[in-house]
Amino acid sequence: MEKYDLIIKNANVVSPENTILCDIAVKDEKIAGLGSYDAKDAAKCIDAAGKYVMPGGVEAHMHCHCPFQGVTGKIDFDTQSVAAVYGGVTTYMDFSNMSRGQSPYQQVLERAKEMEKSIIDYGVHGKFLDATPEAVADMEKLVENGFPTFKIFMTYDVMCNDADMDVLFKKASELHAMPMVHCEDNTIATENDKKFKEAGDTSWPRFADSKPVECEAEAFKRAVGCATKNNSALLVVHTTTDLALSVAREVQKDKFPLYVETGPHYLTLTRKLYDDPQRGHLAICSPPLRTEKEQAELWAGIQDGTIRLIGSDDCSFYFSEKSMNLQKDEDGNWIEPNYMKVVNGLSGLELRLPLMLSEGVNKGRISINKVCELTSTNVAKIYGCYPQKGAIAVGSDADLVIVDMDKKVTLNQDVLHNGMDYCLHEGMEVTGWPVTTIARGTVLMEDRAFKGVDHKGKLIRRHIDAARFETCDLNK
Ligand code: URP
Ligand code: ZN
Ligand code: ZN
(Lines give C-alpha, C1' and ligand atoms only; values in the text may rest on other atoms or scores of the structure.)
(Ligands and ions follow the chains in the order given, each with its own letter.)
Protein backbone atom coordinates (compact mmCIF):
# COMPACT_ATOMS: atom_id res chain seq x y z
CA MET A 1 0.00 0.00 0.00
CA GLU A 2 1.28 3.46 -0.95
CA LYS A 3 2.41 5.82 1.74
CA TYR A 4 0.32 8.73 0.34
CA ASP A 5 -3.01 9.07 -1.44
CA LEU A 6 -1.82 11.83 -3.72
CA ILE A 7 1.37 13.66 -4.58
CA ILE A 8 1.45 16.90 -6.51
CA LYS A 9 4.88 17.31 -8.08
CA ASN A 10 6.67 20.53 -9.05
CA ALA A 11 4.07 22.85 -7.54
CA ASN A 12 4.55 26.59 -7.19
CA VAL A 13 2.85 26.63 -3.80
CA VAL A 14 1.17 29.96 -3.11
CA SER A 15 0.56 31.44 0.33
CA PRO A 16 -0.08 35.08 1.29
CA GLU A 17 3.61 35.43 2.18
CA ASN A 18 5.42 33.74 -0.71
CA THR A 19 5.49 31.19 -3.54
CA ILE A 20 7.68 28.12 -3.01
CA LEU A 21 8.52 25.39 -5.52
CA CYS A 22 8.03 21.96 -3.93
CA ASP A 23 5.90 18.79 -3.96
CA ILE A 24 2.77 18.33 -1.86
CA ALA A 25 1.92 15.00 -0.23
CA VAL A 26 -1.68 14.21 0.75
CA LYS A 27 -2.88 11.48 3.10
CA ASP A 28 -6.31 10.86 4.68
CA GLU A 29 -7.81 14.13 3.36
CA LYS A 30 -5.03 16.24 4.89
CA ILE A 31 -1.80 17.77 3.70
CA ALA A 32 0.83 15.34 4.99
CA GLY A 33 3.97 17.12 3.85
CA LEU A 34 5.63 19.74 1.68
CA GLY A 35 9.02 18.88 0.23
CA SER A 36 10.41 16.40 -2.25
CA TYR A 37 8.47 13.19 -2.83
CA ASP A 38 8.72 10.17 -5.09
CA ALA A 39 5.66 9.72 -7.34
CA LYS A 40 5.86 5.96 -6.64
CA ASP A 41 4.91 6.59 -3.03
CA ALA A 42 1.38 7.71 -3.89
CA ALA A 43 -1.73 6.12 -5.37
CA LYS A 44 -1.98 9.12 -7.70
CA CYS A 45 0.42 11.77 -8.88
CA ILE A 46 -0.30 15.07 -10.61
CA ASP A 47 2.49 17.04 -12.25
CA ALA A 48 1.88 20.76 -11.68
CA ALA A 49 5.06 21.95 -13.43
CA GLY A 50 4.66 25.51 -14.68
CA LYS A 51 1.44 25.98 -12.75
CA TYR A 52 0.55 27.50 -9.39
CA VAL A 53 -1.12 25.64 -6.52
CA MET A 54 -3.26 27.73 -4.22
CA PRO A 55 -5.31 26.79 -1.16
CA GLY A 56 -8.84 26.00 -2.31
CA GLY A 57 -11.03 29.07 -2.50
CA VAL A 58 -13.27 29.89 0.44
CA GLU A 59 -16.42 31.71 -0.69
CA ALA A 60 -18.31 33.10 2.26
CA HIS A 61 -20.83 35.31 0.47
CA MET A 62 -23.49 33.73 -1.72
CA HIS A 63 -27.24 33.24 -1.82
CA CYS A 64 -28.30 30.01 -3.48
CA HIS A 65 -31.88 28.84 -3.93
CA CYS A 66 -33.03 31.56 -1.61
CA PRO A 67 -36.37 33.34 -1.49
CA PHE A 68 -35.64 36.99 -2.19
CA GLN A 69 -37.91 39.83 -3.35
CA GLY A 70 -40.64 37.38 -4.36
CA VAL A 71 -38.40 34.98 -6.31
CA THR A 72 -36.66 31.79 -5.23
CA GLY A 73 -33.72 31.22 -7.58
CA LYS A 74 -34.11 27.80 -9.20
CA ILE A 75 -30.42 26.93 -9.13
CA ASP A 76 -29.67 24.71 -6.16
CA PHE A 77 -26.59 23.64 -4.19
CA ASP A 78 -25.92 20.54 -6.33
CA THR A 79 -25.37 22.68 -9.43
CA GLN A 80 -23.74 25.56 -7.59
CA SER A 81 -21.21 23.33 -5.86
CA VAL A 82 -20.12 21.96 -9.25
CA ALA A 83 -19.77 25.54 -10.54
CA ALA A 84 -17.75 26.32 -7.39
CA VAL A 85 -15.35 23.45 -8.15
CA TYR A 86 -14.80 24.77 -11.67
CA GLY A 87 -14.08 28.15 -10.11
CA GLY A 88 -11.48 26.72 -7.71
CA VAL A 89 -13.74 27.02 -4.64
CA THR A 90 -13.59 24.12 -2.17
CA THR A 91 -15.57 25.59 0.74
CA TYR A 92 -18.57 27.86 0.58
CA MET A 93 -20.96 29.44 3.04
CA ASP A 94 -24.54 30.58 2.51
CA PHE A 95 -27.13 32.32 4.67
CA SER A 96 -30.20 30.98 6.42
CA ASN A 97 -33.56 32.03 4.98
CA MET A 98 -35.37 34.22 7.51
CA SER A 99 -38.80 35.76 7.88
CA ARG A 100 -39.77 37.88 10.86
CA GLY A 101 -40.65 35.82 13.93
CA GLN A 102 -38.60 32.78 12.89
CA SER A 103 -35.78 31.44 15.03
CA PRO A 104 -32.36 32.39 13.60
CA TYR A 105 -30.87 29.18 15.01
CA GLN A 106 -33.56 26.84 13.64
CA GLN A 107 -33.32 28.52 10.26
CA VAL A 108 -29.56 27.93 10.17
CA LEU A 109 -30.13 24.22 10.91
CA GLU A 110 -32.70 24.09 8.08
CA ARG A 111 -30.25 25.67 5.69
CA ALA A 112 -27.46 23.30 6.72
CA LYS A 113 -29.78 20.41 5.82
CA GLU A 114 -30.49 21.96 2.43
CA MET A 115 -26.77 22.34 1.78
CA GLU A 116 -26.10 18.62 2.32
CA LYS A 117 -26.41 18.11 -1.43
CA SER A 118 -23.20 20.12 -1.95
CA ILE A 119 -20.17 18.28 -3.27
CA ILE A 120 -17.85 20.70 -1.42
CA ASP A 121 -17.63 21.60 2.27
CA TYR A 122 -20.04 24.22 3.47
CA GLY A 123 -20.90 26.52 6.34
CA VAL A 124 -23.98 28.57 7.20
CA HIS A 125 -24.42 32.14 8.44
CA GLY A 126 -27.35 33.27 10.52
CA LYS A 127 -29.54 36.24 9.67
CA PHE A 128 -31.10 38.67 12.16
CA LEU A 129 -34.03 40.84 11.16
CA ASP A 130 -34.61 42.19 14.67
CA ALA A 131 -33.50 41.80 18.25
CA THR A 132 -36.41 40.16 20.05
CA PRO A 133 -35.34 38.41 23.29
CA GLU A 134 -35.86 35.04 21.53
CA ALA A 135 -33.68 36.02 18.58
CA VAL A 136 -30.94 37.42 20.81
CA ALA A 137 -30.95 34.19 22.86
CA ASP A 138 -30.39 32.26 19.64
CA MET A 139 -27.08 34.02 19.02
CA GLU A 140 -25.53 32.04 21.86
CA LYS A 141 -26.70 28.75 20.31
CA LEU A 142 -25.35 29.80 16.93
CA VAL A 143 -21.88 30.54 18.32
CA GLU A 144 -21.81 27.38 20.48
CA ASN A 145 -22.72 25.21 17.51
CA GLY A 146 -20.22 26.55 15.02
CA PHE A 147 -22.17 29.31 13.28
CA PRO A 148 -20.50 32.48 14.62
CA THR A 149 -21.39 34.82 11.72
CA PHE A 150 -24.67 36.49 10.84
CA LYS A 151 -25.99 39.00 8.33
CA ILE A 152 -27.94 42.17 9.00
CA PHE A 153 -29.55 44.17 6.19
CA MET A 154 -29.96 47.94 6.51
CA THR A 155 -32.43 48.00 3.62
CA TYR A 156 -35.00 45.75 1.87
CA ASP A 157 -38.06 44.33 3.64
CA VAL A 158 -35.74 42.16 5.74
CA MET A 159 -33.99 45.22 7.19
CA CYS A 160 -33.12 45.57 10.84
CA ASN A 161 -33.58 48.99 12.48
CA ASP A 162 -30.72 50.86 14.16
CA ALA A 163 -31.97 50.26 17.72
CA ASP A 164 -32.09 46.50 17.16
CA MET A 165 -28.74 46.55 15.38
CA ASP A 166 -27.31 48.17 18.51
CA VAL A 167 -28.65 45.32 20.70
CA LEU A 168 -27.33 42.69 18.28
CA PHE A 169 -23.86 44.24 18.08
CA LYS A 170 -23.65 44.41 21.89
CA LYS A 171 -24.51 40.73 22.17
CA ALA A 172 -22.12 39.85 19.32
CA SER A 173 -19.33 41.62 21.15
CA GLU A 174 -20.01 39.58 24.32
CA LEU A 175 -20.20 36.27 22.46
CA HIS A 176 -17.52 36.83 19.83
CA ALA A 177 -19.93 36.57 16.94
CA MET A 178 -19.23 38.47 13.71
CA PRO A 179 -21.98 40.67 12.20
CA MET A 180 -21.86 40.92 8.40
CA VAL A 181 -23.71 44.05 7.35
CA HIS A 182 -25.34 45.05 4.06
CA CYS A 183 -24.87 48.82 4.17
CA GLU A 184 -27.42 50.82 2.16
CA ASP A 185 -29.50 53.57 3.68
CA ASN A 186 -33.14 52.56 3.30
CA THR A 187 -34.52 56.12 3.51
CA ILE A 188 -32.30 57.42 0.70
CA ALA A 189 -33.14 54.41 -1.48
CA THR A 190 -36.90 54.53 -0.94
CA GLU A 191 -37.10 58.32 -1.37
CA ASN A 192 -35.30 58.00 -4.68
CA ASP A 193 -37.66 55.20 -5.70
CA LYS A 194 -40.58 57.54 -5.01
CA LYS A 195 -38.94 60.40 -6.91
CA PHE A 196 -38.27 58.28 -10.03
CA LYS A 197 -41.73 56.76 -9.92
CA GLU A 198 -43.35 60.22 -9.77
CA ALA A 199 -41.11 61.45 -12.60
CA GLY A 200 -42.21 58.47 -14.71
CA ASP A 201 -38.68 57.14 -15.33
CA THR A 202 -37.88 53.85 -13.64
CA SER A 203 -35.62 52.56 -16.43
CA TRP A 204 -32.53 50.47 -15.58
CA PRO A 205 -30.03 53.37 -15.25
CA ARG A 206 -32.27 54.96 -12.62
CA PHE A 207 -31.62 51.90 -10.45
CA ALA A 208 -27.97 52.97 -10.08
CA ASP A 209 -29.13 56.54 -9.40
CA SER A 210 -31.56 55.34 -6.73
CA LYS A 211 -28.71 53.96 -4.62
CA PRO A 212 -25.82 56.38 -5.17
CA VAL A 213 -22.51 56.01 -3.34
CA GLU A 214 -23.84 58.33 -0.61
CA CYS A 215 -26.62 55.82 0.10
CA GLU A 216 -24.01 53.17 0.84
CA ALA A 217 -21.60 55.49 2.67
CA GLU A 218 -24.32 56.82 4.99
CA ALA A 219 -25.23 53.31 6.11
CA PHE A 220 -21.56 52.28 6.31
CA LYS A 221 -20.89 55.17 8.73
CA ARG A 222 -23.84 54.16 10.90
CA ALA A 223 -22.79 50.51 11.02
CA VAL A 224 -19.21 51.44 11.91
CA GLY A 225 -20.50 53.86 14.57
CA CYS A 226 -22.63 51.11 16.07
CA ALA A 227 -19.69 48.66 16.05
CA THR A 228 -17.25 51.08 17.69
CA LYS A 229 -19.85 52.07 20.30
CA ASN A 230 -20.41 48.43 21.24
CA ASN A 231 -16.80 47.36 20.72
CA SER A 232 -18.07 44.76 18.29
CA ALA A 233 -16.08 43.44 15.34
CA LEU A 234 -17.75 44.18 12.01
CA LEU A 235 -17.57 42.80 8.51
CA VAL A 236 -19.09 45.01 5.82
CA VAL A 237 -20.00 43.05 2.72
CA HIS A 238 -20.04 44.21 -0.92
CA THR A 239 -18.41 47.61 -0.46
CA THR A 240 -18.22 49.72 -3.63
CA THR A 241 -17.15 53.27 -2.80
CA ASP A 242 -14.16 55.22 -1.52
CA LEU A 243 -16.54 57.21 0.69
CA ALA A 244 -16.90 54.01 2.72
CA LEU A 245 -13.24 53.03 2.40
CA SER A 246 -12.12 56.36 3.85
CA VAL A 247 -14.30 55.71 6.92
CA ALA A 248 -12.76 52.23 7.15
CA ARG A 249 -9.22 53.58 6.88
CA GLU A 250 -9.80 55.85 9.87
CA VAL A 251 -10.89 53.06 12.22
CA GLN A 252 -8.46 50.48 10.85
CA LYS A 253 -5.65 52.95 11.67
CA ASP A 254 -6.39 52.20 15.33
CA LYS A 255 -6.54 48.47 14.49
CA PHE A 256 -10.30 48.36 15.14
CA PRO A 257 -11.58 44.96 13.89
CA LEU A 258 -13.43 46.22 10.82
CA TYR A 259 -13.18 43.90 7.83
CA VAL A 260 -14.20 45.15 4.39
CA GLU A 261 -15.28 42.95 1.49
CA THR A 262 -15.84 43.84 -2.14
CA GLY A 263 -16.99 41.68 -5.06
CA PRO A 264 -15.38 40.80 -8.42
CA HIS A 265 -18.32 42.35 -10.28
CA TYR A 266 -17.59 45.78 -8.77
CA LEU A 267 -13.98 45.43 -9.96
CA THR A 268 -14.79 44.32 -13.51
CA LEU A 269 -18.24 45.58 -14.56
CA THR A 270 -19.70 49.09 -14.65
CA ARG A 271 -23.12 50.70 -14.61
CA LYS A 272 -22.90 51.08 -18.40
CA LEU A 273 -24.61 47.67 -18.47
CA TYR A 274 -27.82 49.40 -17.29
CA ASP A 275 -27.88 51.41 -20.54
CA ASP A 276 -28.96 48.32 -22.52
CA PRO A 277 -32.77 48.63 -22.67
CA GLN A 278 -33.27 44.89 -23.39
CA ARG A 279 -30.79 43.29 -20.99
CA GLY A 280 -29.76 46.01 -18.55
CA HIS A 281 -32.00 44.60 -15.83
CA LEU A 282 -29.88 41.43 -15.73
CA ALA A 283 -27.12 43.53 -14.09
CA ILE A 284 -29.33 44.80 -11.25
CA CYS A 285 -27.71 44.00 -7.94
CA SER A 286 -27.29 45.84 -4.67
CA PRO A 287 -25.28 47.96 -4.24
CA PRO A 288 -25.53 48.84 -7.94
CA LEU A 289 -22.64 48.54 -10.37
CA ARG A 290 -20.70 51.82 -10.33
CA THR A 291 -18.33 53.65 -12.71
CA GLU A 292 -14.69 53.21 -13.68
CA LYS A 293 -13.83 55.76 -10.98
CA GLU A 294 -15.15 53.48 -8.23
CA GLN A 295 -13.45 50.47 -9.84
CA ALA A 296 -10.08 52.23 -9.57
CA GLU A 297 -10.85 53.21 -5.96
CA LEU A 298 -11.63 49.61 -5.07
CA TRP A 299 -8.41 48.28 -6.62
CA ALA A 300 -6.56 50.93 -4.61
CA GLY A 301 -8.43 49.77 -1.50
CA ILE A 302 -7.25 46.23 -2.15
CA GLN A 303 -3.68 47.38 -2.76
CA ASP A 304 -3.46 49.37 0.46
CA GLY A 305 -5.08 46.61 2.55
CA THR A 306 -8.34 48.40 3.44
CA ILE A 307 -10.28 45.67 1.62
CA ARG A 308 -9.39 42.33 3.14
CA LEU A 309 -11.57 39.86 1.31
CA ILE A 310 -13.46 39.18 -1.90
CA GLY A 311 -16.94 37.66 -1.87
CA SER A 312 -18.85 36.95 -5.05
CA ASP A 313 -22.29 37.64 -3.53
CA ASP A 314 -23.52 35.06 -6.03
CA CYS A 315 -27.29 35.33 -6.23
CA SER A 316 -28.07 33.68 -9.56
CA PHE A 317 -31.37 34.17 -11.34
CA TYR A 318 -32.34 33.01 -14.83
CA PHE A 319 -33.32 35.57 -17.45
CA SER A 320 -36.94 34.54 -16.88
CA GLU A 321 -36.62 35.07 -13.12
CA LYS A 322 -35.05 38.52 -13.53
CA SER A 323 -37.85 39.41 -15.97
CA MET A 324 -40.78 37.71 -14.27
CA ASN A 325 -42.60 40.92 -13.32
CA LEU A 326 -41.99 42.67 -16.65
CA GLN A 327 -43.99 42.57 -19.87
CA LYS A 328 -43.00 42.98 -23.49
CA ASP A 329 -44.90 44.71 -26.30
CA GLU A 330 -45.38 43.23 -29.79
CA ASP A 331 -41.95 44.47 -30.88
CA GLY A 332 -40.24 42.73 -27.99
CA ASN A 333 -39.53 45.88 -25.96
CA TRP A 334 -40.24 46.05 -22.25
CA ILE A 335 -43.45 47.88 -21.46
CA GLU A 336 -42.70 50.49 -18.80
CA PRO A 337 -39.38 49.03 -17.62
CA ASN A 338 -39.30 49.34 -13.85
CA TYR A 339 -36.14 48.53 -11.89
CA MET A 340 -38.25 48.12 -8.73
CA LYS A 341 -39.81 45.01 -10.26
CA VAL A 342 -36.49 43.25 -10.84
CA VAL A 343 -35.02 40.88 -8.27
CA ASN A 344 -31.51 41.97 -7.18
CA GLY A 345 -28.57 39.65 -7.69
CA LEU A 346 -25.86 38.42 -10.08
CA SER A 347 -23.87 35.23 -10.62
CA GLY A 348 -20.23 35.25 -9.57
CA LEU A 349 -19.12 32.15 -7.70
CA GLU A 350 -17.38 30.44 -10.61
CA LEU A 351 -15.66 33.57 -11.93
CA ARG A 352 -14.38 35.03 -8.65
CA LEU A 353 -10.92 33.45 -8.92
CA PRO A 354 -10.44 33.76 -12.71
CA LEU A 355 -11.37 37.45 -12.61
CA MET A 356 -8.97 38.14 -9.75
CA LEU A 357 -6.17 36.24 -11.50
CA SER A 358 -6.77 37.96 -14.81
CA GLU A 359 -7.73 41.52 -13.86
CA GLY A 360 -5.65 41.50 -10.68
CA VAL A 361 -2.47 39.48 -11.24
CA ASN A 362 -2.07 39.44 -15.00
CA LYS A 363 -2.93 43.13 -15.30
CA GLY A 364 -0.21 43.86 -12.73
CA ARG A 365 -2.48 45.26 -10.02
CA ILE A 366 -1.81 42.66 -7.31
CA SER A 367 0.27 39.52 -6.76
CA ILE A 368 -1.01 35.96 -6.82
CA ASN A 369 -0.18 35.88 -3.10
CA LYS A 370 -2.64 38.73 -2.55
CA VAL A 371 -5.30 36.79 -4.47
CA CYS A 372 -4.66 33.82 -2.17
CA GLU A 373 -5.16 36.08 0.82
CA LEU A 374 -8.34 37.74 -0.50
CA THR A 375 -10.14 34.65 -1.77
CA SER A 376 -8.97 31.99 0.66
CA THR A 377 -6.67 32.66 3.63
CA ASN A 378 -8.26 35.86 4.94
CA VAL A 379 -11.75 34.52 4.37
CA ALA A 380 -10.94 31.41 6.40
CA LYS A 381 -9.36 33.52 9.16
CA ILE A 382 -12.20 36.02 9.42
CA TYR A 383 -14.99 33.44 9.21
CA GLY A 384 -13.32 31.06 11.66
CA CYS A 385 -12.15 27.99 9.75
CA TYR A 386 -8.41 28.67 9.51
CA PRO A 387 -6.05 26.75 9.30
CA GLN A 388 -8.33 23.81 8.49
CA LYS A 389 -9.18 25.82 5.38
CA GLY A 390 -7.29 28.60 3.60
CA ALA A 391 -3.76 27.19 3.97
CA ILE A 392 -1.41 24.75 2.29
CA ALA A 393 0.23 23.54 5.48
CA VAL A 394 0.80 20.18 7.15
CA GLY A 395 -2.42 19.17 8.92
CA SER A 396 -4.70 21.47 6.90
CA ASP A 397 -7.45 19.93 4.75
CA ALA A 398 -6.03 19.02 1.36
CA ASP A 399 -8.15 21.62 -0.46
CA LEU A 400 -6.12 22.74 -3.45
CA VAL A 401 -6.59 24.49 -6.75
CA ILE A 402 -4.08 24.30 -9.57
CA VAL A 403 -4.13 27.36 -11.79
CA ASP A 404 -2.67 27.94 -15.22
CA MET A 405 -1.72 31.61 -15.29
CA ASP A 406 -1.23 31.58 -19.08
CA LYS A 407 -4.51 30.02 -20.10
CA LYS A 408 -6.74 32.42 -22.04
CA VAL A 409 -10.50 31.96 -22.05
CA THR A 410 -13.18 34.10 -23.65
CA LEU A 411 -16.04 34.22 -21.21
CA ASN A 412 -19.55 33.26 -22.17
CA GLN A 413 -22.20 31.05 -20.65
CA ASP A 414 -20.89 27.94 -22.47
CA VAL A 415 -17.65 27.92 -20.47
CA LEU A 416 -19.56 28.11 -17.16
CA HIS A 417 -21.25 25.39 -15.11
CA ASN A 418 -23.89 27.22 -13.08
CA GLY A 419 -26.69 26.34 -15.49
CA MET A 420 -27.59 29.98 -16.10
CA ASP A 421 -28.79 31.30 -19.47
CA TYR A 422 -26.65 34.47 -19.72
CA CYS A 423 -23.23 35.73 -18.67
CA LEU A 424 -22.65 39.40 -17.83
CA HIS A 425 -18.94 39.04 -18.68
CA GLU A 426 -19.81 37.72 -22.17
CA GLY A 427 -16.95 38.38 -24.60
CA MET A 428 -14.36 39.33 -22.00
CA GLU A 429 -11.05 37.53 -22.39
CA VAL A 430 -9.45 36.36 -19.15
CA THR A 431 -5.91 35.06 -18.71
CA GLY A 432 -5.50 32.76 -15.72
CA TRP A 433 -7.78 29.80 -15.17
CA PRO A 434 -8.28 27.08 -12.53
CA VAL A 435 -7.55 23.72 -14.18
CA THR A 436 -7.66 21.18 -11.35
CA THR A 437 -9.52 21.29 -8.03
CA ILE A 438 -8.96 18.95 -5.09
CA ALA A 439 -11.17 18.90 -2.02
CA ARG A 440 -10.04 17.05 1.12
CA GLY A 441 -7.64 15.05 -1.04
CA THR A 442 -10.19 14.01 -3.68
CA VAL A 443 -9.70 15.28 -7.20
CA LEU A 444 -13.04 16.81 -8.17
CA MET A 445 -11.93 18.44 -11.42
CA GLU A 446 -8.78 17.50 -13.35
CA ASP A 447 -7.64 19.34 -16.47
CA ARG A 448 -11.19 20.77 -16.58
CA ALA A 449 -12.80 17.30 -16.56
CA PHE A 450 -15.31 16.77 -13.77
CA LYS A 451 -14.57 13.82 -11.45
CA GLY A 452 -16.57 14.61 -8.36
CA VAL A 453 -19.91 12.86 -8.92
CA ASP A 454 -19.83 10.87 -5.69
CA HIS A 455 -18.15 13.41 -3.47
CA LYS A 456 -20.05 14.66 -0.43
CA GLY A 457 -19.39 18.01 1.20
CA LYS A 458 -19.28 18.25 5.00
CA LEU A 459 -20.70 20.90 7.28
CA ILE A 460 -17.84 22.98 8.66
CA ARG A 461 -18.51 24.21 12.17
CA ARG A 462 -16.51 27.34 12.77
CA HIS A 463 -14.99 29.20 15.70
CA ILE A 464 -13.55 32.66 15.22
CA ASP A 465 -10.21 33.28 16.94
CA ALA A 466 -10.40 35.87 19.75
CA ALA A 467 -7.79 38.01 17.98
CA ARG A 468 -10.29 38.78 15.18
CA PHE A 469 -12.34 40.74 17.72
CA GLU A 470 -9.38 42.68 19.08
CA THR A 471 -7.47 43.83 16.02
CA CYS A 472 -7.90 44.01 12.28
CA ASP A 473 -4.31 42.75 11.93
CA LEU A 474 -4.91 39.30 10.49
CA ASN A 475 -1.39 38.14 11.31
CA LYS A 476 -2.14 38.28 15.03
O1 URP B 1 -28.18 42.19 -5.17
C2 URP B 1 -27.78 41.44 -4.29
N3 URP B 1 -26.65 41.73 -3.67
N4 URP B 1 -28.49 40.34 -3.97
C5 URP B 1 -28.18 39.43 -2.98
C6 URP B 1 -28.61 39.84 -1.62
C7 URP B 1 -27.67 40.80 -0.99
O8 URP B 1 -28.05 41.93 -0.78
O9 URP B 1 -26.53 40.49 -0.69
ZN1 ZN C 1 -26.22 42.24 0.72
ZN1 ZN D 1 -25.25 39.09 -0.51
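Residues 24 or more positions apart make up 76% of the chain's contacts with a separation of 6 or more, where contact means heavy atoms within 4.5 Å. Please keep in mind that this is a predicted model, in which local features need pLDDT of at least 70 and side-chain atom pairs count only at pLDDT 80 or more, while totals for chains, interfaces and linings use all residues. Residues are numbered from 1 along each chain as its sequence is written, chains are lettered from A and ligands numbered from 1 in the order in which they are written, and side-chain values use heavy atoms, with hydrogens and water left out.

**The chain as a whole**

- The chain holds 13 helices and 21 strands; these are DSSP runs numbered from the N terminus, with helices (H or I) of at least four residues and strands (E) of at least two.
- A compact globule of 476 residues would have a radius of gyration near 23 Å, and the chain agrees with its 22 Å; the value is taken over C-alpha atoms, and the globule rule is 2.2 Å times the number of residues to the power 0.38.
- The C-alpha trace spans about 75 × 55 × 40 Å along its principal axes.
- Of the 476 residues, 62% count as buried, meaning under 20% relative accessible area with a 1.4 Å probe and protein chains only.

**Strand E9 and its partners**

- Strand E9 (residues 89–95) is mostly covered, as seven of its seven residues are buried.
- On one side of the pairing list is strand E6 (residues 57–59), which runs parallel to E9 and is joined to it by three bridges; strands pair if DSSP finds at least two bridges between them.
- Valine 58 has threonine 91 in E9 as its bridge partner.
- Strand E10 (residues 121–127) also pairs with E9 in the parallel sense, over five bridges, and there aspartate 94 stands opposite valine 124.

- Histidine 63 sits in the loop between E6 and strand E7 (67–68) and aspartate 313 in the loop between strand E15 (307–310) and helix H11 (319–322), so the pair ties together parts 250 residues apart in sequence.
- Histidine 63 is buried, with a relative accessible area of 11%, and aspartate 313 is buried too, at 12%.
- The zinc ion (ligand 3) is 3.5 Å from the zinc ion (ligand 2).

Terms used: Buried means under 20% relative accessible area, exposed over 50%, partly exposed in between (1.4 Å probe, protein chains only). Donors are N, O and S atoms within 2.8 Å of the metal (3.2 Å for Na, K and Ca); water is not among the atoms, so sites may look incomplete.
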